Amino acid sequence: MKASSDAFVRRLLLAVACTTVLCLLVIAAFIFKEGLPFLLKVGPGNFLFSSDWRPDSGHYGILPMLVSSLYVTFGALLVGAPLGIAGAIFLSEFGPPALARVAKPAIELLAGIPSVVFGFIGVMVLAPIIRGAAGGPGLSILAASLVLGVMILPTIMSISIDALAAVPQSYREGALALGATKWQAVRMVVVKAAGSGLLAGTILGMGRAVGETMAVIMVAGNAVRMPRSVLDSGRTLTANIALEMGYATGMHRQALFATGIVLFVFIMILNGLASSALKRRAGKR
Amino acid sequence: MTPKVEVRDLRVFFGGEEALRGVSLDIAANRILGVIGPAGSAKTTFLRALDRMNELKAGCRTAGRVLVDGEDVYGPACDPVALRKRVGMVFAMPVPLPLSIYENVVYGPRLNGVRNKAELDGLVEECLRAAFLWDEVKDRLGGSGLKLSGGQQQRLCLARTLAMRPELILLDEPCSGLDPISTARIEEALSLLKERHTIVLVTNNTKQAARASDETAFFLMGELVEMGPTGRIFTNPSDKRTEDYVTGRFG
Amino acid sequence: MNAHRASQRVAVSILAAATFLCLAIVAFVIGFVLEKGLPQLSWEFLFTKPRDMGKAGGILPAIVGTLALSLMAIAVALPLGVGTAVYLAEYTRETRVTKVIRFGTDCLAGIPSIIFGLFGYIFFVTTLKMGWSLIAGALTLAIMVLPTLIRTSEEAIRSVPQSWREVSMSLGATRWETVRKVVLPNALPGIVTGVMLSFGRSIGETAAVIFTAGSSFRLPKSAFDSARTLAVHFYILAREGISTDKAYGTAAVLVIAVLAVNGLTYALMGGFMKRKAR
Ligand SMILES: Nc1ncnc2c1ncn2[C@@H]1O[C@H](COP(=O)(O)OP(=O)(O)OP(=O)(O)O)[C@@H](O)[C@H]1O
Ligand SMILES: [Mg+2]
């Protein structure tokens, strides 16, 4: 009797464990159900590669948003990846352990700060500086890149620190024994061994940047135009959804869900890349 | 007299490896069976096969039969949970649960639904006395079991097993990490316990087997080399390998 | 050799500079918000309702809304998360099913909050006819925090020594009795860490909440009322330029909440690590 009640618990827990998968499927199903018919009707080519977004007159081209999203994402990576990885290397390889003990939680704190707060600081502090120094509207791709770069720091940094910590101590000792300086050992052996982990961190940071919404809405300017420079205002895919969801109906709303599909697919690809990078690391060990 | 446990062609596989290779033996009731053999000879595997603990490990498969009181432990009708209530086990490393001394002892009885405080109190005293631990801990039954010394912890584990009132007690090198005095206490407890229980004592200390067990089985590389009355195994073994091992000339 | 030394010195200096820049950014973000926001805080601000669209008065409904929403989300997600973790760690070996579950969890963790917002709106608010409500927001948030809860719980469960399980089972406990009496009590600190992280995430979430819980000013009276969280309130104040002062005040409350949650988590984790080391 006891054994059969245990079997019951096992089945129950299996059902519970399947809820995540179920949630994922339902989310995908509903986003696709709302967006896919529209996407097929307008045609993915027209949707993705037309730069004419005027929902009130039936023009649905998201190219400007796509380009802005890419700009902002790569801008964020240019800021966040070098800083995050450099910080991770310093804290795990060179800095005193006491510093790492303080710095790690401090930087992870950044991950907890609401994105709207970052956006607000961007508006109040960063935008005026950019406007003053470089001209333009201030609220721009550049501002969004800088804010997002800071926001993805904790992701990149903590995954990088884990990756570096997973490199066996013997690798370092081996290189040092051959007469390398510590920096050479780190550069040529440790960073290389941790490479796929650093890559995975960067890709996950990238996913975070692509998906971030509220901070970007506040600082990117949101103009529906093809951005010509980083000082231009731009509207990302996420911002487009969030800004227009409030009042969109009919075709317009479907177009926003179709934008959601684009985003969803993009994120899934990035996740796949990151997890295969992490697997490669696991396989190497 | 029918034996308490009959083991027939018992085989245990880990993945593809056959760790226990077709062991057959009988364990008489109210006796202590000592199991000796070098490291890796599958003593632990044999012991754990008796109460189906091996199957908690990944990739483990068991073949053959183990009859306890004539009932096949690996038969479809046998519930391993019920079996483990009848068969107590003490592990090589003392592992108190992260609970108080008292709660460690009553863990099993509570699972069986014993709620009565007086009954539990009586049981705790009885079992701790039987394990020769009562005098050392009677004033701190509420203290953590983890804070006892290694020897005390192992006796706590024995008391915890006794509280199940098991018919069969399996001990896996219970004294391997203990000093001579703690070891003597445990051996003394065992010699009294065999009046009411059947005991299998795995040990890699041949002297302990010689002192404490009535019968001795010698395992080598997953096989039972020979088994017989302890006196004969240690003075006049029939197999050359047994002789080498008990006289310390092994390897 | 000297050239190598020099290049090491340059490289390490650059790395150190990057690290200190990161730390300076953290200090600036927190310092800036607290410096501008703390002077706005008062009992009145915390415990009265907003007036005049939020230009005056306090943020009481937003505090209540935030707490209600976060607690409801965790109440839904916690049993699911811990149940999944128990299944993965205790009831199965690595199989195709667990691979699918892990993959689903990873994907869910990567989905951006705006997608959750879209989904919550179309599913809970519209299809299930919950309307903009605490319950719709909480269910959406629950799905969002589920991966965090699963991961931290599984890690905590796996850190419970295997020997304790064996002892419990050898004493005739079933799997489930072992989980209940030995595994979960000893995994508790790690599970609580996951809860705190989820709580922090719920407090700060905006995009998913604004489309599901709405942004009503009123104090929510039931789970089916719309409510405005602190983050949403802050977003509206800041974005619509209603009141910069009140926005700073709200931001300070948010940041203090995040600091408190993080501090508590670290205190708990510290204890947890120490226990593990023992
Ligand atoms: N979980 C497992 N997975 C794979 N192989 C195992 C496992 N447990 C035991 N074995 C193998 O089974 C054989 C017997 O091991 P066992 O632990 O029973 O030996 P033992 O006689 O108890 O040794 P010791 O005196 O060191 O305790 C060994 O070769 C071991 O490698
Ligand atoms: Mg052994």
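This is a predicted model: local features need pLDDT of at least 70, side-chain atom pairs count only at pLDDT 80 or more; totals for chains, interfaces and linings use all residues.
Residues are numbered from 1 along each chain as its sequence is written, chains are lettered from A and ligands numbered from 1 in the order in which they are written, and side-chain values use heavy atoms, with hydrogens and water left out.

We begin with chain B. Helices (H or I, at least four residues) and strands (E, at least two) are DSSP runs, numbered from the N terminus, and two strands are said to pair if DSSP finds at least two bridges between them. With these terms in hand, one finds in chain B an open sheet of four strands, ordered E2-E1-E4-E5, with antiparallel pairing. E2 and strand E5 (71-72) of chain B stand at the edges, each with a single partner strand, so one side of each has no neighbour in the sheet.

Strand E1 (residues 5-14) of chain B pairs with strand E2 (residues 17-27) of chain B in the antiparallel sense over eight bridges, and the bridge partner of Phe14(B) in E2(B) is Glu17(B). Two residues lie between the strands of this hairpin, and Gly15(B) takes a positive phi there, near 65 degrees. E1(B) also pairs with strand E4 (residues 60-68) of chain B, again antiparallel and over eight bridges; in E4(B), Arg11(B) has Ala63(B) as its bridge partner, and Arg8(B) has Arg65(B).

A further open sheet of chain B is formed by six strands in the order E6-E7-E8-E3-E9-E10, and its pairing is mixed. Its edge strands are strand E6 (87-90) and strand E10 (223-229) of chain B, each of which pairs on one side only. Within this sheet, strand E3 (residues 32-36) of chain B and strand E8 (residues 198-202) of chain B pair in the parallel sense over four bridges, with Ile199(B) in E8(B) as the bridge partner of Ile32(B). Helix H7 (residues 180-193) of chain B lies across E3, E7 and E8 of chain B and runs at about 150 degrees to E8(B), where axes are lines fitted to C-alpha atoms, for helices over the stretch in contact, and angles run from 0 to 180 degrees between N-to-C directions.

We now turn to chain C, which has 11 helices and two strands. Along its principal axes, the C-alpha trace of chain C spans about 70 × 65 × 35 Å.

Where chain C meets chain A, the contact (heavy atoms within 4.5 Å) takes 74 residues from chain C and 72 residues from chain A. The buried area, meaning the accessible area (1.4 Å probe) that two parts lose on being put together, summed over both, is about 6500 Å² between chain C and chain A, and carbon and sulfur atoms give 83% of it. In chain C, Leu15(C), Leu118(C) and Ile122(C) lose the most area to chain A, together 9% of what that side buries. Across this interface the rule for a salt bridge, a side-chain nitrogen of Lys or Arg within 4 Å of a carboxyl oxygen of Asp or Glu, finds zero between chain C and chain A.
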